[in-house]
Amino acid sequence: MNTSVENGGITRSDRPLRVINSTPDAITKAKRRIRRSFRQIRTETVFRQTLMIIGLLMIVLVLGILLTLVVKSLPSIQALGLKYLWGKTWDPVQDIYGAAPFLLGTLISSFLALIISVPFSLAVAIFLGEYYPNGWLPDFLKNAVELIAAVPSVIYGFWALAVLVPIVRTFESKIGVAPLGQGIFASSLILAVMIIPYAASLGRSMIQLVPSQLKEAAYGLGATRWEVIRSVILPYTKSGLFAGVLLSLGRALGETMAVTMVIGNTSLMPHSIFGYGNTMASVIANEFTEADKPVYVSALIELGLVLFLVTVVINLIGKKIIDRFTND
Amino acid sequence: MKKNLLSFRSTLTVTALVLGSMFTAMSLVSCGGGGTTTGTDSPASNDDALLGAGSSFDNILFSKQFSEYNKANGLKVNYQSVGSGAGISQLTNKTVDFGASDAVMNGKQDSALTSPAVHIPITAGAVALSYNLPGVTDTLNLTPDIIAGMYLGTITKWNDPKIAAANKGVKLPATAIQIAHRSDGSGTTNIFTTYLSKVSAEWNTKVGKGSAVNWPTGVGGKGSEGVSGTVKQNPGTIGYVEMSYAIQNKIPFARVQNKAGNFITPTIASVTAAANVQIPPDSKVSLTNTDAPDGYPISGFSWVIIYKEQKYNERSQERATKLLKLLSWMIHDGQQYSGALNYAPLSPAAVNVGDAILKSATYDGKPILQ
């Protein structure tokens, strides 16, 4: 690139004569071109480096959060040890902290919500991805589902308390359990509504990515639409669908406000899905502001650490399952 | 190409440096101080606005008082309603001029302070027991025994003989009693559980008192609105809410028998009356189960907490004087705004004690208020 343009034209006698334009005008033009290409290279480098720094910052952020949680929960870990994980009593007055009721409450309510929501999100994904990808009704449905994800969770909480809980109470008195209304079941229902969009959106884009040759080949062999969905689309997209479900589960595990408004917030062990319960996130939200002893604060932060680790473990298991799906 | 590689390396070095310093900063932050705030700026370095943090119960009254005081004296006060516990920890970290709390500081909080703090009673509040009992139009009478029995789970039906004995002539249904309590830590819970610990030995040993306790029974609602929502929706439910909230939202609540044997309706007057008792010089007294014959028994003070020695963190004497003058105004002239906002004005006894405490505050060893 960097030729000696400054010296004017270069000629070679043994070759057919090739004169490089060396008028001042042409030289400045060439210089400008060179300068521009250098600038382009520099922009490229700066852009790449910016991306890298931001990427690394994300890692630092996650590690920083983990580090802070560990350091801040040290007093509680030292005072309570591993008993914290399976202790059944949470008594701030006597400084006895056991996370088992909340750990169990979190897992039960989240998985129950997942079981309730999966049929709906799968149905929405197939409907929008395969049956009606275009048109005003599918567009409307798509926007409505995305809106579900955009509504603040406190609004779900209010709605659940005012509308859902009385319905649940009627339902409970019909099936013959104590008509409490609030409780794990009500919170799982509202959680199920809240997490539908995550699995549905991802599932829809996955289904749209299925190569049309595969589907056409199946139709050519005489498959019905249901058979194509069952034998071509679902097997082809299962890892993507599962990833969407995993995303929903992550959301359900950490949801705080809507859950705390309807779950009943008791520190006793949950004994039935229709009984009262509590989750780790909602205990932290409820008790953090008024925690008046160092060990108490630390025990609440340790609850956050446990929640963090539970999310990590579930994600790792999910990744393993996705890998297995993809390999065969 | 080589130049490129070089610059790539230098970026890596720079990134590593940035990350390294961030880690150091973070570990410093996470190791220093157990409080919720980690800001290093002291209140003294700020502009002339005074800073306060704490009780959310006090917030409405404080907003009114501070805005009136600002109109009259041009002093700005920024109050963060973050909860009593968080207010105390901000005072401990010296990031505010005063903290506000619905409970006196406990031993552990006290020992975290670098220099002694004083409590000034600022207003009084009460806890009302609201209930939902279809078919019963009379206001119910409750004795301490009944309340403790309900919250311990030993009294389970509304037509229990104990409730019937306190409410002669009222036809009580055989509905099951459902208990509602606060799920979030709160001063309201603290006043209520302190009361129960005083009147019931069983409650004292089994549950105890605090801003969050291990409830033997019942459902937890978030905030006063959560508890009252649960009560409204479920026939047979009883729950405790802050009195001002119950009055504003016109929720029916019960009369409670006090130590003298009288059944008292929670009102602003009966709460002020509850505070008209012998108050110790440090004002750290729980008004629950008051001796006053016309006082409502589930009442409590809310306090402003300041350092007794006001010279710390390069605070100016001017700032300390401003703070003390503000507090003095709040317990005297500022009390006129209480009634309209459903807060109970301080009793004369409480104002006297508060005055004496404010006069005991010093700057560099010398008293601030004359």
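## Basis

Residues are numbered from 1 along each chain as its sequence is written, and chains are lettered from A in the order in which they are written. In this predicted model, local features need pLDDT of at least 70 and side-chain atom pairs count only at pLDDT 80 or more, while totals for chains, interfaces and linings use all residues.

## Contact between the chains

The contact (C-beta atoms, placed from the backbone, within 7 Å) draws 37 residues from chain A and 38 residues from chain B. Among the elements of chain A that give two or more residues to this side are α1 (24-80), α5 (153-175) and α11 (294-327), where helices are DSSP runs of H or I with at least four residues and strands are runs of E with at least two, numbered from the N terminus. The most comes from α1(A), with 10 residues.

## The sheet of chain B

Chain B holds an open sheet of 8 strands with mixed pairing, in the order β2-β1-β3-β11-β4-β8-β6-β7; two strands pair if DSSP finds at least two bridges between them. At the edges lie β2 (77-80) and β7 (219-221) of chain B, each pairing on one side only. Strand β1 (residues 50-54) of chain B runs parallel to β2(B) and is joined to it by 4 bridges, and B:A53 stands opposite B:Q80 of β2(B).

## Helices on the sheet

Helix α9 (residues 223-233) of chain B packs on the sheet, touching β4 (117-131), β6 (178-182), β7 and β8 (237-242) of chain B, and its direction makes about 155° with that of β8(B). Axes here are lines fitted to C-alpha atoms, for helices over the stretch in contact, with angles from 0 to 180 degrees between N-to-C directions. Helix α12 (residues 317-331) of chain B runs at about 35° to β4(B).

Conventions:
Contact = placed C-beta atoms within 7 Å.
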